[in-house]
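Thanks for making time this morning. I would like to take you through two local features of one model, and I will give the cut-offs as we go.

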Amino acid sequence: MRDTPLLSVRDLKKHYPIGGGLFSRESGVARAVDGISFDIHPGETLGLVGESGCGKSTAARSIVRLEEPTDGEVIFNGGDRDPAVSDDDDTHPNDITRFGRRELNSFRREVQMIFQDPSSSFDPRMTAGDAVAEPLFVHGMADEEQRRTIVEDLLERVGLSAADRDKYPHELSGGQKQRLALARALVLNPELVIADEPVSALDVSIQAEVLSLIDDLQTEFDLSLLFISHDI
């Protein structure tokens, strides 16, 4: 394990304004995330555990900037500070909270999320194959045949079949949809996967299968993993 963390979160905060009072002025803030810090090294799994409603999912969404953090740093792929940057500027060049659109798109190739509810993770009008292939198209892979080959290979790696590419989400079970979500998260070959309660919406009989699959895929793809759960 190298000394430099792959992901370093420092004093991350996400506050939401509370309206009300005279003329609907802001009357306070809800502190959904209030100063969390942790490191994840390459190949490491970190569990983020807490009761429902404590801000775990908000933290995850803030890390990838699906929510804009209120304060703090999220340093990805460590590295040294740019020597051209003044010592008076204490910002880090790899702080994703300060990334512009182009830098953020590049970052999101390397960090992918798996969400809690597989049923709400997919467009019901898109086939399974199109859903998995979409990130490849968005990030510039124009060759349709190449996308198809990658998708079919990934579907089989997560325990589905190549023929499942033509199915729509409503034709898949909850466990199959979460396997599909795993395939989509892996399609860009990321370094880090953030799994936000990935089995809590599944039947107990399926949970162990999906957890075992995640463990196997982490080894196979040499992933770092941030695993979020309310169940220690």
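Let me begin with the rings: Phe76, Phe99 and Phe107 form one aromatic cluster, where rings of Phe, Tyr and Trp (its six-membered ring) pair if their centres lie within 6.5 Å, and planes under 30 degrees apart count as stacked, over 60 as edge-to-face and the rest as tilted. This is a predicted model, in which local features need pLDDT of at least 70 and side-chain atom pairs count only at pLDDT 80 or more, while totals for chains, interfaces and linings use all residues. Residues are numbered from 1 along each chain as its sequence is written, and side-chain values use heavy atoms, with hydrogens and water left out.

The count by this rule is two aromatic pairs. In one, Phe76 and Phe107 meet edge-to-face, at 5.3 Å centre to centre and with 80 degrees between the planes; because Phe76 belongs to strand 4 (residues 71–76) and Phe107 to helix 2 (residues 101–110), this pair ties together parts 31 residues apart in sequence. Phe99 and Phe107 are also edge-to-face, at 6.4 Å centre to centre and 75 degrees between the planes. Phe99 is buried, at a relative accessible area of 14%, and Phe107 is buried at 3%, where buried means under 20%, exposed over 50% and partly exposed in between (1.4 Å probe, protein chains only).

Turning to the helices, the axes of helix 3 (residues 128–138) and helix 4 (residues 144–157) come within 9 Å and cross at roughly 125 degrees, the axes being lines fitted to C-alpha atoms over the stretch in contact, with angles from 0 to 180 degrees between N-to-C directions. Helices (H or I, at least four residues) and strands (E, at least two) are DSSP runs, numbered from the N terminus.
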